[in-house]
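This report describes one chain of a predicted model, from its overall form to the packing of its parts. Please consult the sequence and structure shown below while reading.

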Amino acid sequence: MKESIPLTWRRIPERYRMKGVKCTICSTNYFPPRIVCPKCRRKGKLETFYFKGNGTVYSFTEIHSPASGFEEQVPYIFAIIDLDEGSHVTGQIVDARKDDVKIGDRVEAVFRKTQSDDPEGLIHYGFKFRLIKNKKTEIKLM
Amino acid sequence: MRKVAIIGIGMTKFGEHWERGFRNLVIEAGIKAMEDSGLQGNEISAGYVGNMASGSLIGQEHVGALIADQMGLNPIPITRVEAACASGGVALRQGYLAVASGAHDFVVVGGVEKMNDLDTTSVSEILGGAGDEEWELFLGATFPGLYALMAKRHMYEYGTTEEMMASVAVKNHEHGSRNPYAQFQNKITIDTVMNSKMVADPLKVFDCSPITDGAAAVVLAPLDVAKKYNAQPIEIVASVQISDTIALHSREKLSEIKATKIAAQKAFEIAKITPKDINVAEVHDCFTIAEIMAIEDLGFFKKGEGGKASLEGKTGLNGEIPINTSGGLKSAGHPVGATGIKQAVEITWQLREKAEARQVADAEIGLTHNVGGSGATVVVHIFKKT
């Protein structure tokens, strides 16, 4: 998926450092960040809140027909992560094979290259997730 | 609010129309619906058209005006309605509201998508726009991928199997083989599905609806005058549209589509009936798991039992509740903006007892269920024989 330079630039703090928001009225943390707290609406008060990126696998799949920009990564493991500080987020699980992953596994966020638009286009970076149980083992990717 | 009826229906064959463009398709469906309605044409005072992505797919925006012009309907207003894969259902609801409110007496509602002019990768990317671009697609999501996440969770929570999902595709191809308008009219087996190429684990090619060109249209009228024009008007007894979060990850649960549950509850309340009263339903089976969740969330089966019910044949033509007699999105095809209207056309055929080889005996009440994206928009309509 090609993205414009301004859109990519706007999202850098959120994608690089998992910059989310916290509603101080209802104490809910949101990542991806929201502009309005959907529970409190106009009464809500949102402040910056950085997520640590730790969580558990809520659901996952292995994608064989990729989104454009992800052709080089096929097949890739794609998941919804239940973050410890609240919110579910979409992301890839890397350094693992499909059979290594189970619903409920612990993960941590890592900073990676996410995709390239095309040979001369932007290179995008951001968070992906890694299984904690795989952390100590050296994984041979080839 | 006035009571509203469908007095005319029409659709093109769904499939790959290499020799025909957007305007040919939508006009064919519109003219068929007008002819079927018994109207002269001058009575029509407004139109709505469901269309998701003509700008990206064929470079044409402003399709309301295009259709009014090409149909010879100027100067009446025609409004394009977009809600991803639910564009058709939402357009039908707009037409329904226009007639029910008294703003317009006779309204034509169409749905159209011309998808095969582009390559598959581009089409998939455009369809991806039904999700959250910045937080799903950008991170590598595809639509099969999002529904695969739901399937995995459904399997985890309820023990649903890949065979159960495959049985949905087998049943829908069996129904589609009886529908001359269907894109695929071939029968398949569980093995066909299980041995097809993996798209997003556990969903394989035969768990997914295809890329389709097609159009469908209906003509709406106030119920009290409908019989003057058409001997078999079909009343729209409920029309409900519900929203949920745009991104799948923001939902409380992945094993259900909450907007479907809310829409169904409201629709049954308005129609003063229960799921048991429905004789035939067209549900949004963009993927096999979507039909399993739909028949649970609509209340036809208990949560978690949709897969088993499908495998046991309870949703076939002679089953407890025949689902997707048209062949559904899987076999009849899924020209995105047209799907919600096609569902209403199929239910009208069923309630008029004109569904031929796929007729459900004694069908009196039918339901349609149209989903946008991964469940951010759901539209449910209930129809009744008059």
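## Burial and overall form

Of the 386 residues in chain B, 64% are buried, a residue being buried if 20 or more other C-beta atoms, placed from the backbone, lie within 10 Å of its own. The model is predicted: local features need pLDDT of at least 70 and side-chain atom pairs count only at pLDDT 80 or more, while totals for chains, interfaces and linings use all residues. Residues are numbered from 1 along each chain as its sequence is written, and chains are lettered from A and ligands numbered from 1 in the order in which they are written.

The C-alpha trace of chain B spans about 55 × 45 × 40 Å along its principal axes. Chain B has 14 helices and 11 strands, defined as DSSP runs (H or I, at least four residues, for helices; E, at least two, for strands) numbered from the N terminus.

## Two domains

Chain B is assigned domain 1 (4–119 + 212–234) and domain 2 (127–208 + 237–385), with bounds from an automatic or database domain assignment. The centres of the two domains, taken over C-alpha atoms, are separated by 23 Å. Their contact takes 36 residues from domain 1 and 34 residues from domain 2, where contact requires C-beta atoms, placed from the backbone, within 7 Å.

On the side of domain 1 that touches domain 2, α4(B) gives the most, with eight residues.

## Packing of α4 and α14

The axes of α4(B) and α14(B) (residues 336–351) lie 5 Å apart at an angle of about 55 degrees; axes are lines fitted to C-alpha atoms, for helices over the stretch in contact, and angles run from 0 to 180 degrees between N-to-C directions.

## Contact with chain A

In chain B, 28 residues are in contact with 25 residues of chain A. The largest share of this side of chain B, seven residues, comes from α6(B).

Methods:
Two residues are in contact if their C-beta atoms, placed from the backbone, lie within 7 Å. A residue is buried if 20 or more other C-beta atoms lie within 10 Å of its own, exposed if 12 or fewer, and partly exposed in between; C-beta atoms are placed from the backbone.
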